[in-house]
Amino acid sequence: MKQKEMSGYLKVITAGVGILLLVFVLWFLPLVLKEPLTRIAGSSGYRGVCKVTALSAVPAVMCLIRFWGICGSIGQDRSFSMENAVRLKKMSQYMLLDAVLYTGFLVWFFTAGWYQGAAWLVFPILLAVFISVALTVLCAALSHLVQNASELQEEQELTI
C-alpha cells in the first residue's frame, strides 16, 4: 500500500471515528442516561452529566484533528517528522486532560452518593479513565519514538 493510499484510508477512519464519537456523546449517552440519572440526581444532575460528557468529547475531537494532520504527513511521506512528534505529544496531553476529567467525575459520582442508585455506572466511568490513561501513555511513547526516528533521519540525511 502506498503512502497516499494509506493516508486516505486513515483519514476516512478518522472521520468515521469522529462522527461516531459525536453521535455517541451527543445522542446515545444522553438517551441512555436520562432515566437513571434523573431518578437518582434529578434533572439538574442529568444536565450536568450531559455537559461533562460533551466536555469530555472536546479533547477527543482535538486528538482526531491532530491525527488528521499526521495522516496528511503520512501521505506526503513525512511520517517521522518533528511535527508529528509534537502532534502526538499534544494528543497525549489532551488524553491526560480527559483522564483527569473522568477521574474528577468518578470522585463526584461517589461524593454525591450516586453509586447507590446506579452502581452499574462505575464500570463505564472506570473504563473511560483506563482508556484515557492508556491513550495518554501510547501517544507519549509514540511521540518519543517518532522524535527519535526524526532525529535519526536528519542525521542520515546529513551524512549522505
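Trainee: Which side chain does Arg 78 meet in a salt bridge?

Mentor: The side chain of Glu 83, at 3.2 Å, N to O. A salt bridge here is a side-chain nitrogen of Lys or Arg within 4 Å of a carboxyl oxygen of Asp or Glu. Keep in mind this is a predicted model, where local features need pLDDT of at least 70, side-chain atom pairs count only at pLDDT 80 or more, and totals for chains, interfaces and linings use all residues. Residues are numbered from 1 along each chain as its sequence is written, and side-chain values use heavy atoms, with hydrogens and water left out.

Trainee: What else does Glu 83 meet in a salt bridge?

Mentor: Arg 87, at 2.8 Å, N to O. Shared partners join Arg 78, Glu 83 and Arg 87 into one network.

Trainee: Is Arg 87 buried or exposed?

Mentor: Buried, because its relative accessibility is 15%; the cut-offs are under 20% for buried, over 50% for exposed and partly exposed in between, with a 1.4 Å probe and protein chains only. Glu 83 is partly exposed at 37%, and Arg 78 is partly exposed too, at 34%.

Trainee: How many salt bridges does a search of the whole structure find?

Mentor: Three. One of them pairs Arg 39 with Glu 35, at 3.2 Å, N to O. Glu 35 counts as exposed, at 52% relative accessibility.

Trainee: New topic: which residue with positive phi follows α2?

Mentor: Gly 113, with phi near 80°.

Technical notes. Helix = DSSP H or I, 4+ residues; strand = E, 2+ residues; numbered from the N terminus.
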